[in-house]
Amino acid sequence: MRKHIYTIISFVLALVFTTYIALDTFVISHIYAVVDSTDSSNLSLATVSEDAAEAATNAVVTENSYTDENISITITTYRENDTNIYVADIQLTDSAYLQTALAQAAYGKNVTDTTSNIAESVDAILAINGDYYGVQESGYVIRNGVLYRSEGESGQEDLVIYQDGTMEIISEDEISAEELLANGAWNVLCFGPALIEDGAVAVTTSDEVDKAMTSNPRTAIGIIDELHYVFVVADGRTDESEGLSLYQLAEFMESLGVTCAYNLDGGGSSTMVFNGTVINNPTSGHGSKERSVSDIVYIGY
């Protein structure tokens, strides 16, 4: 009888430990650093002045566009490959208006919120979900000029957005996070893969993210020329929208004329928010609603 009791106790302890590990990995939040808005290193570039912020009060806003003296955004919906694709064409006078934000204004593990809530917290005009850094243990994290994680991952391709607004695809095998920061990296997004490099498609029909299905909701970012960007979100996994493969997404980005484009977190995370409204149809595992994510990329002051 005593032997059976010990067996039961051992089983219960093992179950409790396994459950804790699973919760710690996927659920329990751990905040490692809080974004300090009074620290200039955490702010957008110094060229974002009070005068620039005031320009937003004179903006011309419609259902699918926003224009002020510094920021111009036009949103167009395309229908390709049985999928609804939302494209935000963005032209800026300064790279400072292309920014990132972390959920709960904190860097950590499993620290999340919806794209729309994060966008609201920073008064974003336009926002898309980012790379969901918080579910990874490695991969560079540089946000608004602050280095949060320098541990690299072999074979990982990142998108580097420099202080001057230019974009570049790098391999973490070839350069350290500290070197990127010294070279002027302002934001580094770690998901991938690269979709377009030097104006040409950089993936093949067999490329996919891990073991994801071929057709999925997708989020991507690209640059056309100086201070001219596109944010792209494709719906998927519904009767109305099938979703895109990485190759289809790359072909679509190429058709927009981008010279560099990068795949961000997709699936249930794929969300675009414009003027406080979610304009696509996110599909999380709980139906048609937003999934909480670690971070966003946004346009704003």
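A residue is called buried when its relative accessible area is under 20%, exposed when over 50%, and partly exposed in between, using a 1.4 Å probe and protein chains only. The structure is a predicted model, in which local features need pLDDT of at least 70, side-chain atom pairs count only at pLDDT 80 or more, and totals for chains, interfaces and linings use all residues. Residues are numbered from 1 along each chain as its sequence is written, and side-chain values use heavy atoms, with hydrogens and water left out.

Cysteine 190 is buried, at 8% relative accessible area, and cysteine 260 is likewise buried, at 7%. The structure holds zero disulfides, a disulfide being a pair of cysteine sulfur atoms within 2.5 Å.

Beyond its neighbours within four places in sequence, isoleucine 73 is in contact (heavy atoms within 4.5 Å) with residues including Ala88, Ile90, Leu126 and Phe274.

In helix 5, residues 246-255, the buried residues are Leu246, Leu249, Ala250, Phe252 and Met253. They lie on the same side of helix 5 because they cover an arc of only 160 degrees around the axis, taken from the directions from the helix axis to the C-beta atoms. Glycine 257 follows helix 5 and has a positive phi, near 90 degrees.

Note on methods: Helix = DSSP H or I, 4+ residues; strand = E, 2+ residues; numbered from the N terminus.
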